[in-house]
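Trainee: Before we discuss this model, could you show me the sequence and the structure together? I would like to go through them by question and answer.

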Amino acid sequence: MSQTNQATPSRTGVTVVIAGEAGQGIQTVEYLLAKILKSEGYHIFASKEYMSRIRGGANSTAIRVSSARVAAYAAGIDLLVALDREAPAHLADRLSPATIIVGDAAGLGLDRPVLDIPFAAIAAAAGNKLFANSVASGAVAGLFQVDFAGVERAIAAYFRGKPQAMVDQNIAAARTGYEAGRELAAAGRAGLTPPDKDAAVAGDPIINGSEALALGAVAGGCNFIASYPMSPGTGVLIYLSQFAADFGIVAEQAEDEIAAINMGLGAWYAGARAMVSTSGGGFALMTEAVSLAGMIESPMVIHIAGRPGPATGLPTRTEQGDLELALYAGHGEFPRLILAPRSIDAAFYRTAEAFQLADRFQVPVFILTDQFLVDSFLNLPELDPAGLENEPRIVATPADYRRYELTPDGLSPRGIPGHGAGLVGVDSDEHDEAGHITEDLELRVRMVDKRLRKLELLRTDLVPPLFHGPADYRTLVVGWGSTYPAIREALAGLDRPDVAQLHLEQVYPLPPSAVAYLQKAERIILVENNATGQFGKLLRQETGRAASDRILKYNGMPFAVEELAERFAALLTADTAAEGSAV
Amino acid sequence: MEAKDFNLEHAAIAWCPGCGNFGILNALKGALAELDIAPEGLVMVSGIGQAAKTPHYLKCNFFNGLHGRALPAATAIKAANPGLTVIAESGDGDMYGEGGNHWLHTIRRNPNLTNLVHDNMVYGLTKGQASPTSPQGMITPVQVRGVVNEPFNPLAAAIALDASFVARAFSGDLQQTKEILKQAIRHPGYALVDILHPCVSFNKLNTFQWFKEHTEYLDAGHDPSDREAAFAQALRTDRLPLGVFYLNRERRPFEETLPAYADRSEPLYRRRPDLAKLAAVIATRRD
Ligand SMILES: Cc1ncc(C[n+]2csc(CCOP(=O)(O)OP(=O)(O)O)c2C)c(N)n1
Ligand code: SF4
C-alpha cells in the first residue's frame, strides 16, 4: 500500500475490515488476526462498531496494520473480509474502487471483483461450518504472506483447553484458507502490498481500553470496585473481577448504580481505594452520591465510558456526550476533578493517577472515556507500572481527631476507623469539625469555604495539556479525550506551519498552561464527538475564549482521520482565501 | 465496659421528649458495653431521618450518609475492613422505603453486620407522612383519607429471603431489647432487628400503650431454626411477637466469600498492589 500522503493520511499501512453478523465470530477473527499480524512484526490497532444485539445485525471490526504506531480510526478500507451478504452494503460508504473484497464470490453476489475464498464451504469440509473464522483468519494471513507457524500458534492459544481434535481441525481449516490467500498473493492477483515490518513489535502486549483502565486502577492501588453492568463501562468491572483473587481486590456487582457508588464511598471511608465504572445512564443514578462525596470530602474514582444518549440512546456506539453531566452532577457546590485519557496507554496512567489525586485532594475524580476508547485495542510496548505511586494518604488518628479540621488549604488529614486512637465521623448534613450535624450558620460558611479552597488547589497543571506544533501558531486545534490520535494524525498529514494542536486530558478545572495556549491563539478550531460542543462551552466559561470553528460529530461513530483531514483542509483553505481577498 | 462509656459529651439530641428513640439508644449502649465493643472498633452507619441521627448521640465512628443508602455503605465498610463491628441503623422509611432495594439485596448478600430499624410506622423527620409500615386507615397530611396500601411486613419478607438472623424488639422494654441486640451483634452474618417504638409527635395510633397491648414475647418453645414456624409468627397480626424469630447458621458471611480474603486477612488499607505481579500480567498479553 502507499505510504502517507496528504489527501489520505490514514495510509501509513493497510486497513483490514472484517464484517458480518453478530454471532458469526467477528471477534474471533479480530483476535486471531491481531495476534498473527503483530507477531509477524506489524503494528495493529483495532476498533469495532456493532449493533445492540447478540445475533444478526451488521457489525464490523477495523484493524489498521501498519509499519508505525497508529491509534485512530480510519474509515477507508483496503481489504474487506466479508463474512455475509450484508457486509458490503453495510460498509458501502467506506468502500472505494481500490478496496479488495475477499469472501465467497457466489454468495456475495457483487457486481465487482471479489477474491473468491468460500469460507463456509472450506470450513464445512474441514469438519464444521463454525470453523469459517479460522478459514478467514488463515486467508488474510496468506494474503499478507506471513509464516503459517504464527497462525498455528494463535489458533492453539485461542482454543487452549479445548479438545485437541477441535484445535487440529481449526488449524487445518486455517491452512486451506491460508493457501488460498497465499496463492492469490503470489500470483499477484491480490493487489495487497503489506507495509514494512518492525521486528520490535512482535513482543508487545495487546491491550484494549477497558483492560488498560483496569490495569491502571490496580497500579494506582485500587482494591475495591462495585458497579452495575452498563455498556460500555462494564469491561472495567469484568477485568477487575478477573484480577480480584491475584491482587486482593473486592469486586462486587451491586444491585444498582446507587448502591455501587455508595459502596465505593463506604470503602474509601474504611481505607480502601475504590472505583465505579459505568456509562452515562448509570452515572445519572449516581449523582446523589457524588454530592455526598463532595460533602463528606471523600475521595472517589468514577469511570464513565460514554455512549450516545439521552436515556439509553445508542447502546453500543460512541460519543463524548457526558462531560456536562460529570461537570454538574450532584447538587450543591463542591470541587471535583475531571480527567479524559487521550488514548489507551494514557488510560492506564491517568487511571493510576486518578487514585492518587482523589486521595490527595479528597474529591471525586472522574475518568471520562467512551466506547471507542474502551473497546479498541493495540500493541503497547510501554505500559509500565514500576514507580507509580500508590501509597494511601491516611493518618493514624490521635485521640482528639477531627475529620474536618479547618486548615488553611482546606485539606484535613484523613483518618479511617480502626487505625489510631481517634474516632472518624462523616456526615451528609452540614457538620462541625468532628463530623457532627450542625446548624451553626457561621460554621456552615467556614465549611463551604474550606471545601471550595480545594478547588483552587486543583487549578494547577495536575495533568499538563499536550501541545504539538510551532510556537508561533495562529490557529489552534483543540480537542479533549479520545479524539487525540485522530486529530494528531489528520494534522500531521496537513503539514501547516501556522497550525498547532492543543489537547486536554485534565478537562476540569482547566490547567493554567492550557489557558495560556488558548489566549495566544488567533483562531481556535474545536473538535468534539458530541452535538453541542460541551467542552467549548466550558472553555468559554472558564477563559472567555470562544471557538472560532467547531467540528462536531454525533452519529455514534468516532472521528475518522480522513474526515478530520478534509474538514481541517476546508477550514484552513477558507481562512487563506479570506485573507487573500483582504489584501 | 459500661453503657456510660458510650456517652458523648455535648451531644445535642434533636429528638422529641418522650420519643421511643431514647430507649433504643440506651439499649444499644448497654448491649455494646456488655459485649465489650470499643468505640474505636465500632462503625455506625445510617441514612436520614430521626432514627438515623443515633450515631451522633453515642461515642463511635460513624458514616451518616444519604436517605436509604446506609446498607451499601455499611456492606463496603465491612468488606474493606472485616475487623470492624458495623451497625447500620435507621428508620422504617429509610430502610424499607427509600432503601428497599438495598435492603433486599443486602439480605441476599449477607454481610456480617447488624441492621437496626427503628420502626415507628411513620415518617418522623418529614412530619408524619405514611411510612411503608404504617397501618391501613392512618390519616396523615398526605394520606388524607387514610393509608390504603398494604403495610410492609419486614419480618415475613426477611424470613422469605432467608435472612440469617431476624428479630423484633420493643423500645419500651430496655432489658429484653438489649438482650436481642447483643444476640444480633454477635451473630456472624446479616442480622435484622426491627424495633417497634412510639413516635409521640406523629403516630397517634401506635402509642406506647398500643404497643404494650399488641405485643408479646415468642414463647420459650419457639425454635428459631424452624423457618416455617418463624414465618407463621411473622404473619401474626392479633399480637406482634417479639424476640428472635429466625436464625440460619448455614449462610456464609459476604466478606468470607471474597477472594480478597482467601489467603490474607489484613484490611484493604494495609495492602499495596504487587507491581511486579502486575507487570507480569501485562506481559501475558504479549502472545
Ligand atoms: C432523597 C431524599 N428524599 C427525601 C428526603 C427527606 N426525608 C428525610 S427523613 C425522611 C423519612 C424518614 O423516615 P424514617 O426512616 O421512618 O425515619 P424517622 O424520621 O421516622 O425516624 C425523608 C423522606 C431526604 N432526606 N432525601
Ligand atoms: S418525630 Fe417522632 S420519632 Fe421523631 S423524635 Fe419526635 S417522637 Fe421521635
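Trainee: How many residues does the contact take from chain A and from chain B?
Mentor: This is a predicted model, in which local features need pLDDT of at least 70 and side-chain atom pairs count only at pLDDT 80 or more, whereas totals for chains, interfaces and linings use all residues. Residues are numbered from 1 along each chain as its sequence is written, chains are lettered from A and ligands numbered from 1 in the order in which they are written, and side-chain values use heavy atoms, with hydrogens and water left out. With contact meaning heavy atoms within 4.5 Å, the numbers are 70 residues from chain A and 49 residues from chain B.

Trainee: What area do chain A and chain B bury between them?
Mentor: Buried area is the accessible area (1.4 Å probe) that two parts lose on being put together, summed over both. Of the area buried here, 63% lies on carbon and sulfur atoms, and the value is about 4,800 Å².

Trainee: Which residues in chain A lose the most area to chain B?
Mentor: Three residues together make up 13% of what the chain A side buries. They are A:Phe247, A:Glu255 and A:Leu423.

Trainee: How many salt bridges are there between chain A and chain B?
Mentor: A salt bridge is a side-chain nitrogen of Lys or Arg within 4 Å of a carboxyl oxygen of Asp or Glu. One of them joins the side chains of A:Glu391 and B:Arg272, at 3.1 Å from N to O. The count between the two chains is 5 salt bridges.

Trainee: Is A:Asn170 buried or exposed?
Mentor: A:Asn170 lies in helix H7 (residues 164-186) of chain A, where helices (H or I, at least four residues) and strands (E, at least two) are DSSP runs numbered from the N terminus. Leaving aside neighbours within four places in sequence, A:Asn170 is in contact with A:Phe131, A:Ser134, A:Ile155 and A:Phe159. Buried means under 20% relative accessible area, exposed over 50%, and partly exposed in between (1.4 Å probe, protein chains only). With a relative accessible area of 2%, A:Asn170 is buried.

Trainee: Why is strand E3 (residues 56-66) of chain A described as largely enclosed by the rest of the structure?
Mentor: Two strands pair if DSSP finds at least two bridges between them, and strand E1 (residues 13-22) of chain A pairs with E3(A) in the antiparallel sense over 9 bridges. Strand E2 (residues 43-49) of chain A also runs antiparallel to E3(A), joined by 7 bridges. E3(A) is largely enclosed because its buried residues number 10 of the 11.
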